Amino acid sequence: MGWERFHASCRRHLRLPGEDFAATLEYFRSYRDSALLGPPPRRNSLADSLMQALAHMPVEAREIALQRYATVDLDDLLKPPPGLARVSLYLLLLSAMLILMVSIFSLFVLPSLQSFYVASGHVLPEFSQQVMRWAPLLAVGVSLLAVYVLASAQALRGLLPSAGSSVAAGRLAWLLPSALRAQGARVRALVASPALAVDDPALKHELAAMESEGLLLSEELPAILRLQSQGLQRLAESFSVGLLLLLSLAVVTSIATFLIAIYLPIFRMGSSL
């Protein structure tokens with residue numbers, strides 16, 4: 001869901017001088033012109049919360065904030081990383097494959113191999129016995145890893161600000177690195193800055209220092225948002241690649257472990273013939 005309806009509602013109010021802002025808020029939350037501007041975001045989403053904040057502002061301050069939102073394109077400035085959806089799909093497929101593979105080897109392949117080996121009068125190699133002994137724990141560990149990776153990917157998607165996202169980063173944000181959470185909060189604060197006061201002390205200090213140099217946040221906001229959003233995208237992409245590498249390493253390690261556990265008894269049996 002994009003910011004088109006939010007921007008259009010801001011421009012609509014500016015072009016209807018004297019209209020009560022409650023009518024603008026009602027239009028924003030309605031399905032009027034939804035075929036052209038998209039449906040309204042859910043209640044208490046980021047865009048809806050900004051509209052509520054605008055409704056409670058003094059008239060003059062609200063007009064200034066509306067001018068800022070009417071002239072900035074948040075969809076263009078807050079583009080999510082292009083590969084994020086693809087990486088999330090890869091993570092989902094790798095997680096499913098890893099859980100399925102460990103379950104099949106633990107429940108069917110290794111027990112069958114042990115039965116065949118014992119029936120042949122041989123003792124299963126120590127490594128294979130250890131793998132069988134620890135296979136249930138490995139399956140649990142792999143499942144927990146897959147859940148963590150998928151939950152982290154979901155938290156990452158919730159961190160990126162969109163019109164329909166929550167005001168806060170979400171309940172799973174604690175799974176993300178602190179630098180990524182801080183950059184996400186920074187971008188959200190900048191998006192809300194025309195309507196809500198900036199609470200982050202560091203960001204507030206930086207903006208005050210910039211304005212002391214004669215620059216206005218109202219004029220520099222698009223450039224600032226673009227640069228900060230790009231920084232968030234880089235951190236998000238690095239974290240996504242890290243998750244992908246972690247899960248890929250788990251898949252390769254599990255495959256190698258089970259292959260050795262399976263073929264070691266076969267090689268031992270062949271050498272004894």
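This report walks through helix packing and a handful of individual residues in a predicted model.

## Ground rules

Since the model is predicted, local features need pLDDT of at least 70 and side-chain atom pairs count only at pLDDT 80 or more, while totals for chains, interfaces and linings use all residues. Residue numbers start from 1 along each chain as its sequence is written, and side-chain values use heavy atoms, with hydrogens and water left out.

## Helix α2 and its partner α4

Two packed helices are described by the angle between their axes and the distance between the axes. Here, α2 (residues 21-29) and α4 (residues 46-55) have axes 10 Å apart, at an angle of about 170 degrees. That makes α2 roughly antiparallel to α4. The axes are lines fitted to C-alpha atoms, for helices over the stretch in contact, and the angles run from 0 to 180 degrees between N-to-C directions. Angles under 35 degrees count as roughly parallel, over 145 as roughly antiparallel, 65 to 115 as roughly perpendicular and the rest as oblique.

On the α2 side, the contact (heavy atoms within 4.5 Å) is made by F21, L25, F28 and R29; on the α4 side, by A47, D48, M51, Q52, L54 and A55. Sorted by type, the residues of this contact are seven nonpolar, one polar and two charged. In that scheme Ala, Val, Leu, Ile, Met, Phe, Trp, Tyr, Cys and Pro are nonpolar, Asp, Glu, Lys and Arg are charged, and the others, Gly among them, are polar.

The buried residues of α2 are F21, T24, L25, Y27 and F28. Buried means under 20% relative accessible area, exposed means over 50%, and partly exposed is in between (1.4 Å probe, protein chains only). Seen down the axis of α2, the buried residues fall within an arc of 160 degrees, so they line one face of the helix; the arc is that of the directions from the helix axis to the C-beta atoms. They pack against α1 (4-14), α3 (34-37), α4 and α5 (59-71).

For α4, eight of the 10 residues are buried, so this helix is largely enclosed by the rest of the structure. The buried set is L46, A47, D48, S49, L50, M51, A53 and L54. These residues pack against α1, α2, α5 and α9 (178-192).

T24 sits in helix α2 and is buried, at 0% relative accessibility. Its side chain makes a polar contact with the side chain of H13 at 2.7 Å. A polar contact is a pair of N or O atoms within 3.5 Å; within protein, one must be able to donate a hydrogen and the other to accept it, and residues adjacent in sequence count only if both atoms are side-chain atoms. Setting aside neighbours within four places in sequence, T24 touches S9, R12, H13 and E19.

Now for the loops. D33, between α2 and α3, has a positive phi of about 60 degrees although it is not a glycine. D33 counts as partly exposed, at 42% relative accessibility. N44, in the loop between α3 and α4, is another non-glycine residue with a positive phi, near 65 degrees.

## Helix α8 and its residues

α8 and α9 pack with their axes 10 Å apart, at an angle of about 25 degrees, which makes α8 roughly parallel to α9. L156, G158 and L159 of α8 meet L180, R181, G184 and R188 of α9. This contact divides into three nonpolar, two polar and two charged residues.

A151 is in α8 (residues 126-159) and is buried at 19% relative accessible area. Not counting residues up to four places away in sequence, A151 touches L172 and L175. S152, also in α8, is buried at 0% relative accessibility. The S152 side chain reaches the backbone oxygen of Y148 at 2.8 Å. Beyond neighbours within four places in sequence, S152 is in contact with L175, L176, F239 and L243.

## S254 in α11

S254 lies in helix α11 (residues 217-272) and is buried, with a relative accessible area of 6%. A polar atom of the S254 side chain is 2.8 Å from the backbone oxygen of A250. Leaving aside neighbours within four places in sequence, S254 contacts L98, M101, V102 and V142.

How values were computed: Helices (H or I, at least four residues) and strands (E, at least two) are DSSP runs, numbered from the N terminus.
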